[in-house]
Amino acid sequence: MTDWAPCCTFRAQDNRGDVSLPKQAMVRLLGDPGTAADAYESDNTASEAGVLRAGEPQARTLHVSNDTDWVSFFFGDQTNFYYTLKTEHLTNQLDTVLEIYEQQADGSLTLLWAIDEWDTDQGESWGWWPGSGIYYAKV
């Protein structure tokens, strides 16, 4: 069994409260061990992270135990928008953890927030008014 399912929904909200249409990322549910990695592998570290662009959904697999996926994204002078990153659980046997990092001037990463809800049927969600810069998300 191999199925695709939504995992992360991205929305933007401006300072007037207007919310954008959602943009969806997908993950691949695997029923058989040994299923091939997705096209974004290897993305298990920040230095391997691909770019996440608004409006371009990404279909990903959790193909091995303890697989992690990293993505990077950039904000210019868009500080009047509120952004939310969210994971949605696919089964009661999958518990995602969402970590958000900000890249510093020296290239190092600062963990801004780590979200891991207690219940496996809850997704993780984090929103903020980002400053301009380069950010990373790790799932």
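Let me begin with threonine 84, which lies in strand S6, the stretch of residues 81-86, and let me say at once that what we have here is a predicted model.

I would like to turn now to the aromatic rings, of which the structure holds 8 pairs. One of these pairs is formed by tryptophan 70 and tyrosine 136, whose rings sit edge-to-face, with 6.3 Å from centre to centre and 70° between the planes. This pair links distant parts of the chain, since tryptophan 70 belongs to strand S5 (residues 70-75) and tyrosine 136 to strand S10 (residues 133-138), 66 residues apart. Tryptophan 70 is buried, with a relative accessible area of 8%, and tyrosine 136 counts as buried at 12% relative accessibility.

How are the rings of phenylalanine 73 and tyrosine 135 arranged? Their centres are 6.1 Å apart and their planes meet at 15°, so this pair is stacked, given that planes under 30 degrees apart count that way. Because phenylalanine 73 lies in strand S5 and tyrosine 135 in strand S10, the pair ties together parts of the chain that are 62 residues apart in sequence. Both phenylalanine 73 and tyrosine 135 are buried, and together with Phe75 and Trp128 they form one aromatic cluster.

How values were computed
Residues are numbered from 1 along each chain as its sequence is written. This is a predicted model: local features need pLDDT of at least 70, side-chain atom pairs count only at pLDDT 80 or more; totals for chains, interfaces and linings use all residues. Side-chain values use heavy atoms; hydrogens and water are left out. Helices (H or I, at least four residues) and strands (E, at least two) are DSSP runs, numbered from the N terminus. Rings of Phe, Tyr and Trp (its six-membered ring) pair if their centres lie within 6.5 Å; planes under 30 degrees apart count as stacked, over 60 as edge-to-face and the rest as tilted. Buried means under 20% relative accessible area, exposed over 50%, partly exposed in between (1.4 Å probe, protein chains only).
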